[in-house]
Structure formats: structure tokens, C-alpha cells
Amino acid sequence: MSNIQSIPMSESDLIVRRIKDGTVIDHIEAGKGLKVLNALEIDGKDGNVITVALNVPSAKVSKKDIIKVENRFLKDDETNKLALIAPKATVNIIKDYKLVEKRRVALPNEIERIFRCSNPDCITNSGEDIEAIMDIVDKAGVILRCRYCTRILDVNELKYY
Ligand SMILES: [Zn+2]
């Protein structure tokens with residue numbers, strides 16, 4: 001531990017310990033941390049250490065959530081699922097305690113499962129085991145369309161699974 005403690009630490013690092021290898025998702029809007037875990041289907045069942053910090057004081061915004069996933073390097077197509085949940089999130093890939101990649105989340109072409117279709121008659125709401133897939137038909141305007149019933153969905157009214 002002594003070599004780790006010699007590395008200068010920010011306030012956030014003091015709250016959430018440094019990791020050797022893995023992914024740190026920072027600047028998640030406070031209150032969205034658990035939704036991020038759910039969207040990424042991170043449940044700790046693989047045995048890796050997952051650290052979740054909610055309502056961490058932040059200089060840029062008043063509070064934020066942080067998630068650290070040890071021994072997993074999340075790829076673009078995984079973290080881009082977060083574009084509608086945590087658009088300001090930054091994804092930091094850490095290898096041997098060093099930051100080797102830092103990126104923002106970007107809207108993907110489609111979003112699977114995270115949100116329910118708002119059409120009650122949609123097959124994804126029928127009780128059958130079919131999960132919603134939404135195509136992002138306009139990235140600039142953030143317009144989503146259900147692939148099954150083709151309803152255009154208001155991003156502000158989306159409900160989580
Ligand atoms: Zn639908």
C-alpha cells in the first residue's frame with residue numbers, strides 16, 4: 001500500500017480508493033449512479049470489486065456519482081449506453097494505476113433494454129420476453145424511435161426498466 005499512498009490524490013480519490021486496473025466512470029450526475037450500474041449490467045457477479053460512490057462533492061458540479069469497476073476495461077459500445085443517462089460522464093481507463101485513456105460518452109445508433117417504450121400496446125410491454133430496442137434517428141435532436149412499434153419517443157419521458 002505504501003507506494004500507492006505516495007501518489008497525489010484528489011478529494012474524489014480519497015473517497016473512492018485508487019484502482020490498479022479497470023474503469024472509472026466519473027462525473028455521473030448525482031442520483032444516476034445506480035441507473036448507470038443497471039444499464040451496464042454491472043452486478044458484481046463476476047467477482048471483481050465494484051465501488052460506487054454517490055453524492056461525492058465536486059468542484060464542477062455540486063455533487064456527482066462515481067463508479068469504479070476493477071479488472072474490466074469497458075469499451076465504447078458499452079459506455080455509450082450511458083449517453084442518455086449520464087451525458088456528462090467521463091470514462092477513464094486505468095492500467096497499472098495510470099490513466100491510459102479518457103473519453104466522453106457519445107450517443108450510439110441504438111439503445112437496447114435500458115428504457116421502456118411509452119406505447120402501452122407495444123409488444124415490448126405485452127408481458128412477452130421482448131426487450132425494447134430504440135433507434136436514435138436524429139442524434140443532434142436526440143430523437144428515438146421504438147424498433148417494434150415505430151413510436152417516436154420523447155427523451156424526457158422515457159421510463160427505465
Ligand atoms: Zn414500442
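I take a nonpolar core to be a set of buried Ala, Val, Leu, Ile, Met, Phe, Trp, Tyr and Cys residues joined through C-beta atoms within 7 Å.

**Ground rules.** I am working on a predicted model, where local features need pLDDT of at least 70 and side-chain atom pairs count only at pLDDT 80 or more, while totals for chains, interfaces and linings use all residues. I number residues from 1 along each chain as its sequence is written.

**Confidence.** I looked up pLDDT, the predictor's confidence in each residue on a scale from 0 to 100. The protein chain has a mean of 88, with 89% of its residues at 70 or more. By element, I find the lowest mean pLDDT, 44, in helix α1 (residues 2-5), and the highest, 96, in β4. The pLDDT is below 50 over residues 1-7, and I note three contacts for this stretch beyond near neighbours in sequence. A contact here means two C-beta atoms, placed from the backbone, within 7 Å. Where pLDDT is low, the predicted coordinates should not be read in detail.

**Inventory.** I count elements as DSSP runs numbered from the N terminus, helices being H or I of at least four residues and strands E of at least two. The protein chain has four helices and eleven strands. Of its 161 residues, 25% are buried. Among contacts with a separation of 6 or more, 62% are between residues 24 or more positions apart.

I call two strands paired if DSSP finds at least two bridges between them. Five strands make an open antiparallel sheet, in the order β2-β3-β1-β4-β5. Its edges are β2 (50-57) and β5 (98-104), each pairing on one side only.

I then followed β4 (residues 90-95) into β5, an antiparallel pair joined by six bridges. V91 has R103 of β5 as its bridge partner, and I93 has E101. Two residues lie between the strands of this hairpin, and D96 takes a positive phi near 50°. How many of the seven residues of β5 are buried? The count is zero, and I log β5 as hardly covered.

**Four-stranded sheet.** The order here is β6-β8-β9-β10, again open and antiparallel. β6 (110-112) and β10 (152-153) each have a single partner strand, so one side of each edge strand lacks a neighbour in the sheet. I went along the pairs in turn. β6 meets strand β8 (residues 133-138) over three bridges, with E112 partnered by I133. Four bridges link β8 and β9, and D138 stands opposite I143. The hairpin of β8 and β9 has four residues between the strands, with V142 at a positive phi near 50°. Strand β9 (residues 143-146) is joined to β10 by two bridges, and R145 faces I152 in that strand.

**Core.** I find 29 residues in the largest nonpolar core, and those with the most contacts inside it are I25, I28, V36, L82, A86, A89 and M134. At least two core residues come from each of β1 (22-29), α3 (33-39), β3 (63-70), β4 and β9. Domain 1 (2-104) and domain 2 (110-160) each give at least three residues to this core; the domain bounds come from an automatic or database domain assignment.

I checked I28 on its own. Outside four places in sequence, I28 contacts G33, V36, K64, D65, I66, I67, A86 and A89.

**L74.** This residue sits in the loop between β3 and α4 (76-79). Leaving out residues up to four places away in sequence, I list T23, V69, T79 and V91 as touching L74. L74 and L40 are 34 residues apart in sequence, and I note 9.3 Å between their C-alpha atoms.

Key
Buried ≥ 20, exposed ≤ 12 C-beta atoms within 10 Å, placed from the backbone.
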